[in-house]
Amino acid sequence: MLQNYNVYCLVKAQSKQEAKTKIINSLNFYNIGHYINVDKINIIIGDIEKDCFGLTFERYEEISNIISIVIHSAANVNMISSYLDLYNVNVAGTRRIIEFCMQNKAKKLHYISSMAIFDSD
């Protein structure tokens, strides 16, 4: 991880430990866990399906003034679910991310889509 950056990660979880475990499992799944010191990540418990990510307005405002770049990869990639089932996280959640990027100071937004349509295994 670059030394001059602070990394904030919004994670849908019940606790910081659960969120940290999710981050570690995801990094290890993609075989990049050894590159990142998870203890240096500022974990934010939240949910893009909720207004202000489920945070207090004060916390939402605080992080919107600190964060300058957003990498959005949260999505439900179930390819057989209906549009209505996917709407809140994929459409409304992305809208909330865009609104966050416009809140207070403008933030750069990088959107990461799914890596594949169907797994080849």
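## Cores and a crossover in a predicted model

Setting aside neighbours within four places in sequence, cysteine 101 is in contact (heavy atoms within 4.5 Å) with Val70, Ala106, Lys107 and Leu109. This is a predicted model, in which local features need pLDDT of at least 70, side-chain atom pairs count only at pLDDT 80 or more, and totals for chains, interfaces and linings use all residues. Residues are numbered from 1 along each chain as its sequence is written, and side-chain values use heavy atoms, leaving out hydrogens and water.

Cys101 also belongs to the largest nonpolar core, which has 12 residues, among them Ile44, Phe53 and Val70. Such a core is a set of buried Ala, Val, Leu, Ile, Met, Phe, Trp, Tyr and Cys residues joined through side-chain atoms within 4.5 Å; buried means under 20% relative accessible area, exposed over 50%, partly exposed in between (1.4 Å probe, protein chains only). A second, separate core of 8 residues includes Val11, Ala19, Val38 and Ile43.

Helices (H or I, at least four residues) and strands (E, at least two) are DSSP runs, numbered from the N terminus.

| Element | Residues |
|---|---|
| strand E1 | 7-11 |
| helix H1 | 16-29 |
| strand E2 | 41-45 |

E1 and E2 run parallel, joined by 5 bridges, and leucine 10 stands opposite isoleucine 44 in E2. In H1, Ala19, Ile23 and Leu27 are buried, and E1 and E2 are among what covers the buried residues of this helix. Gln17 and Phe29, on the other side of H1, are exposed. Asparagine 31 follows H1 and has a positive phi, near 60 degrees.

Key:
Two strands pair if DSSP finds at least two bridges between them. A crossover is right-handed if, with the strands pointing away from the viewer, the path from the first strand over the helix to the second runs clockwise.
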